[in-house]
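Let's take a friendly walk through a protein together. Have the sequence and the 3D view ready, and follow along from one stop to the next.

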Amino acid sequence: MNLKKIKQFINYKAYLDKVHRSNDDIYAINIIHKLFDSPCYLPFTPFSLNPYTILHVLNDILLNDRKVVVEFGSGLSTIIISKFIKINKLSVDFFSIDDNQEWQELILKELKKYQCDDKVQMSYCEIKELDNTKLSCLNNMFWYSLNKLEKVKDKITNNIDLLLVDGPSIGSSIFNRYPALPYLQDKLSNNVAIYLDDTRRNGEKEILYKWNELLNGEIQFEKMHGTIVKGVHFSCRPLSH
């Protein structure tokens, strides 16, 4: 096979992957919209979790009876998860952390519009230089303010059984999301699911491998996100293909 044909094959495979992702997201967003009483507009942005990833998380919360959910990176996922908890009358402690206060205020406005702001505890934590080397990975020395995070951590009275990491969105290193798991490791349940978005990027992919060195769980890469699951659990992938 010559170089031209190899390039054509790679481009065609990339095209098929994109088509499959689009189909999965269309399937997912149709289900997600059913959570809302009337036609509404959900503002997906380039920083949002894609619908398939959100549906994976919703499945996990319901099928595996997750009781404590922590999210790094507030956004559309915060609205949908909160609405999902309310509609299904679930007993879930949901914490959402973000480094952009104005953005969180906008999300809170949407939460109130859909009457589910009581289903999530939102916390603003600005980005600070890390003073704990155990949380740093290679050249990453910045993360959420540990002083403010400690106050959030104190509110989490039961063990975390689902951790969703989609932030910080920007940083000085491709490993800027690494501290999430080692910081919360002592609060994790024996039955836990970890979700990391953007694992198509090399930094996030490496982070997931490094996290699994700490957890020794089952690692799985999806099209846009990766997971580590540990303990007893049901399969909760939205689609089998």
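Which residues of helix H3 are buried? They are Leu76, Ser77, Thr78, Ile79, Ile80, Ile81, Ser82, Lys83, Phe84 and Ile85. That makes 10 of the 12 residues of H3, so the helix is largely enclosed by the rest of the structure. Keep in mind, as you look around, that this is a predicted model.

After the helix comes Lys89, whose phi is positive, near 50 degrees.

Now step back to the whole protein chain. It has 7 helices and 9 strands. For 241 residues, a compact globule would have a radius of gyration near 18 Å, and the value for this chain is 18 Å, which agrees. Along the principal axes, the C-alpha atoms fill a box of roughly 60 × 50 × 40 Å. Of the 241 residues, 49% count as buried. The chain exposes about 12,900 Å², and carbon and sulfur atoms supply 51% of that area. Look at the contacts between residues at least 6 apart in sequence: 70% of them join residues at least 24 apart.

Next, let's turn to the aromatic rings. A pair of them is described by the distance of the centres and the angle of the planes. The count here comes to 6 aromatic pairs. One of these is Phe72 with Tyr144, a stacked pair with 5.3 Å from centre to centre and 25 degrees between the planes. Phe72 belongs to strand E1 (residues 68–72) and Tyr144 to strand E5 (residues 142–144), so the pair ties together parts that are 72 residues apart in sequence. Phe72 counts as buried because its relative accessibility is 0%, and Tyr144 is buried too, with a relative accessible area of 1%. Ring pairs link Phe72, Trp143, Tyr144 and Tyr183 into a cluster. Over the ring of Tyr183 sits the charged end of Lys153, 4.4 Å from the ring centre.

Our last stop is Asp166, in the loop between strand E6 (160–165) and helix H6 (180–184). Is Asp166 buried or exposed? With 11% relative accessibility, Asp166 counts as buried. Leaving aside residues up to four places away in sequence, Asp166 touches several residues, including Phe72, Gly73, Arg177, Asp197 and Asp198.

Technical notes. Residues numbered from 1 in each chain as written. Predicted model: local features only at pLDDT ≥ 70, side-chain atom pairs only at ≥ 80, totals over all residues. Heavy atoms only, no water. Buried < 20%, exposed > 50% of the residue type's maximum accessible area, 1.4 Å probe, protein only. Helix = DSSP H or I, 4+ residues; strand = E, 2+ residues; numbered from the N terminus. Phe/Tyr/Trp six-rings, centres within 6.5 Å; stacked < 30°, edge-to-face > 60°. Lys NZ or Arg CZ within 6 Å of the ring centre and 35° of its normal. Contact = heavy atoms within 4.5 Å. Rg over C-alpha atoms; globule rule 2.2 N^0.38 Å. Areas by Shrake-Rupley, 256 points an atom, 1.4 Å probe, with all protein chains shown as cover.
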